[in-house]
Amino acid sequence: MNAGTIANMDETGCAETPLTEDGRYRLLVDAITDHAIYMLDLDGRVTNWNTGAQRLKGYRADEIVGRHFSSFYTDEDRAAGLPRRALEIAASTGKFEQEGWRVRKDGERFWAHVTILPIVTPESGHIGYAKLTRDLTERQRAEADLMRQDQQFRLLVQSVTDYAIYMLDADGLVSSWNPGAARIKGYSEQEIIGRHFETFYTEEDRLAGAPARALETARREGRFLGEGWRVRRDGSHFRANVVIDPIHASDGQIIGFAKITRDVTERVEAQIALEQAHEQLFQAQKLDAIGRLTGGIAHDFNNLLMAILSSLELLRKRLPDDPHVQRLLDNAVMGADRGVGLTQRMLAFARRQHLKPVRVAVPALVHGMTDLLQRSLGPAWPIEARFPLDLCNVKADANQLEMALLNLIVNARDAMPDGGVITVSGRDRVVGAEGLHGLPAGPYVVLSVSDPGTGMDAETLSRATEPFFTTKGVGKGTGLGLSMIHGLIEQLGGKFVLQSSLGEGTTAELWLPAMPAPDAPAKATATAANVPAAARPLNVLVVDDDALVLINSAALLEDLGHVPLEAASAEAGLTLLHSHPEIDLIMTDQAMPNVTGVELIVAARAERPDIPAILATGYGELPDDIDFKFFKLQKPFSQIDLARALSAVIA
Ligand SMILES: Nc1ncnc2c1ncn2[C@@H]1O[C@H](COP(=O)(O)OP(=O)(O)OP(=O)(O)O)[C@@H](O)[C@H]1O
Ligand SMILES: [Mg+2]
């Protein structure tokens with residue numbers, strides 16, 4: 001059998017019996033119903049027709065045999081000479097193969113796969129063409145559908161700007177990019193395609209192998225879900241919600257990953273802000289509760305102490321003038337006085353102290369106190385004051401505000417054992433309707449004290465304003481400094497804001513309600529001039545042979561913001577004076593064994609003729625023949641008496 005035998009087939013399609021070999025071929029070709037198989041003569045006219053051809057093209061054999069096969073072509077293709085070219089190619093190359101639109105009898109188009117082969121017989125040579133046509137309309141439609149879907153998906157992905165949707169190849173290299181990805185991550189398509197997706201991770205995560213782990217999880221579990229910090233092109237961080245799905249080929253192999261990233265920074269930030277607000281509320285409520293408790297206790301204690309003090313005064317009058325008894329009384333009074341000092345600060349914290357708010361020019365107030373402060377702090381802790389010339393005045397109790405500043409400056413010094421700059425500054429700030437630090441809208445002056453010292457960890461910071469919280473050790477700090485400030489500022493209608501982190505220093509801000517500028521110059525300079533000496537830190541040599549009194553006096557001084565140096569005898573006092581040239585004044589007890597207070601002052605003046613001195617004496621202890629200047633402080637003395645004595649000798 002060869003190709004030539006096909007040409008001898010009967011065009012009517014009737015098989016003869018018994019079946020010849022040709023007849024069997026005829027049956028075979030006819031049985032093929034999904035291919036049109038027919039022959040053309042050399043000119044391209046149809047010479048036979050099978051069932052498949054009839055089904056495909058709609059013509060019966062008697063309608064089409066003898067007609068030119070260009071009837072199956074579209075008008076355009078015919079005009080372009082395609083049928084003729086097809087035959088030429090088949091004849092010259094041995095095969096013409098093509099997919100294209102063809103036309104059925106009813107005019108409907110179908111997508112056909114066409115093969116044309118020349119038929120050559122040994123006897124007659126090239127006698128015509130065999131033509132096979134397959135209807136690929138279904139496949140073509142499916143492909144077009146697929147393409148349309150792909151296109152739709154592409155359009156969909158390309159129009160999404162809220163999500164980064166992109167693909168990775170199996171190694172994690174970026175292989176597609178959408179505008180959302182460009183918007184969120186900042187890279188253009190050209191920049192990022194072909195780069196590894198670990199580019200988006202923080203260095204920490206990269207080093208910890210997070211990118212590879214994410215792909216591994218996606219591979220193993222069919223999906224990776226996660227949330228974490230990622231890095232934009234400009235280096236900024238954003239909180240990303242990430243989904244990674246593996247993409248499988250038809251054989252099940254993973255050929256890449258689909259990655260969807262959402263920027264949830266705002267949501268996370270909102271959540272953090274909410275948590276912070278809760279924490280602040282909790283802190284405020286806690287301080288409030290402690291304040292009420294402290295206030296109650298302080299108030300009761302104050303009354304108790306008043307009762308004790310007045311009883312002691314009465315006792316003093318009724319008891320015999322025995323120095324031993326009197327000394328015991330002195331101690332009791334001293335203890336009670338110290339208690340009064342403490343309860344005063346507790347009342348301040350509880351916002352129950354009596355305040356006299358007046359107009360205060362903060363720069364003048366600060367300058368009025370820094371000179372003396374600076375002298376007592378020493379050169380290792382320079383105080384730098386920075387105020388704009390036109391800073392608003394505030395409404396505050398000047399004395400209390402000084403106490404607050406003093407406390408903050410002493411805290412700053414304590415945070416810098418080896419010295420460092422303490423900056424006191426002020427600025428105007430307006431709080432808008434949205435509020436800030438829980439403050440109502442309005443103008444404020446922010447007075448701040450900052451130091452580059454040790455700073456506080458989060459735990460210490462959160463407790464710093466609690467009354468009695470101190471890290472300074474027994475006898476060194478009362479832990480009432482910041483709590484007093486907190487109470488004071490709240491009572492003045494402002495806010496105390498403490499910012500600190502470990503190793504990075506501390507900034508304490510006093511937000512005080514500003515007062516509109518007065519017509520006349522502020523009277524605050526006068527206020528500054530009225531500063532009681534008690535508010536100016538001095539290095540005081542305290543000498544007393546009675547340990548309790550010594551501790552009490554030192555504590556009172558410290559409580560006033562001074563720096564006491566303690567000596568239990570006149571001899572020890574002289575030694576200290578010798579080794580501490582920064583000592584500003586001496587405060588000594590009179591009645592001491594071996595060397596009395598008066599003798600101590602005389603000896604001290606031999607070395608430092610001008611050193612001021614305070615002599616604390618009980619009743620009738622003092623000799624009559626003293627011929628030098630000193631301040632006599634009657635025992636028992638209150639803290640205010642002590643402050644007055646200090647201001648008298650220092651002025
Ligand atoms: N500038 C600062 N730097 C570092 N820690 C500070 C600073 N200010 C305060 N603190 C911390 O807060 C605590 C409480 O301070 P606060 O002024 O209330 O009490 P105190 O200084 O310990 O005692 P007192 O004020 O009676 O001398 C301190 O013990 C310290 O741990
Ligand atoms: Mg303090």
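Modeller: Helices (H or I, at least four residues) and strands (E, at least two) are DSSP runs, numbered from the N terminus. This is a predicted model, in which local features need pLDDT of at least 70 and side-chain atom pairs count only at pLDDT 80 or more, whereas totals for chains, interfaces and linings use all residues. Residues are numbered from 1 along each chain as its sequence is written, chains are lettered from A and ligands numbered from 1 in the order in which they are written, and side-chain values use heavy atoms, with hydrogens and water left out.

Biologist: Which helices each supply at least two residues of the shell around ligand 1?

Modeller: They are helix 15 (398-414) and helix 17 (481-491). Helix 15 gives the largest share of the shell, 3 residues.

Biologist: How many residues surround ligand 1, and which are the closest?

Modeller: A residue is near a molecule if one of its heavy atoms lies within 4 Å of it. Here 22 residues surround ligand 1, and the closest are Thr-470, Thr-471, Lys-472, Thr-478 and Leu-482.

Biologist: Which side chain has an N or O atom 2.9 Å from a nitrogen atom of ligand 1?

Modeller: A polar contact with the ligand is a pair of N or O atoms within 3.5 Å. The side chain in question belongs to Asp-451. Two further contacts involve oxygen atoms of ligand 1: a polar side-chain atom of Thr-478 lies at 2.4 Å, and an N or O atom in the side chain of Asn-407 lies at 3.3 Å. Of the 590 Å² of accessible area (Shrake-Rupley method, 1.4 Å probe) that ligand 1 has on its own, the protein covers 92%.

Biologist: Let us turn to the sheets. What is the strand order in the open sheet of 4 strands?

Modeller: Two strands pair if DSSP finds at least two bridges between them. The order is 6-9-8-7, with antiparallel pairing. Strand 6 (163-169) and strand 7 (224-231) are at the edges with a single partner strand each, so one side of each has no neighbour in the sheet. Strand 7 pairs with strand 8 (residues 237-248) over 8 bridges; Glu-227 has Asn-241 of strand 8 as its bridge partner.

Biologist: Which strands are at the edges of the open sheet of 5 strands?

Modeller: That sheet runs 18-17-19-20-21 with parallel pairing, and its edge strands are strand 18 (563-567) and strand 21 (631-634). Within it, strand 19 (residues 585-589) and strand 20 (residues 613-617) pair over 4 bridges, and Ile-586 has Ala-613 of strand 20 as its bridge partner.

How values were computed. Polar contact = N/O pair within 3.5 Å; in protein donor to acceptor, adjacent residues only side chain to side chain.
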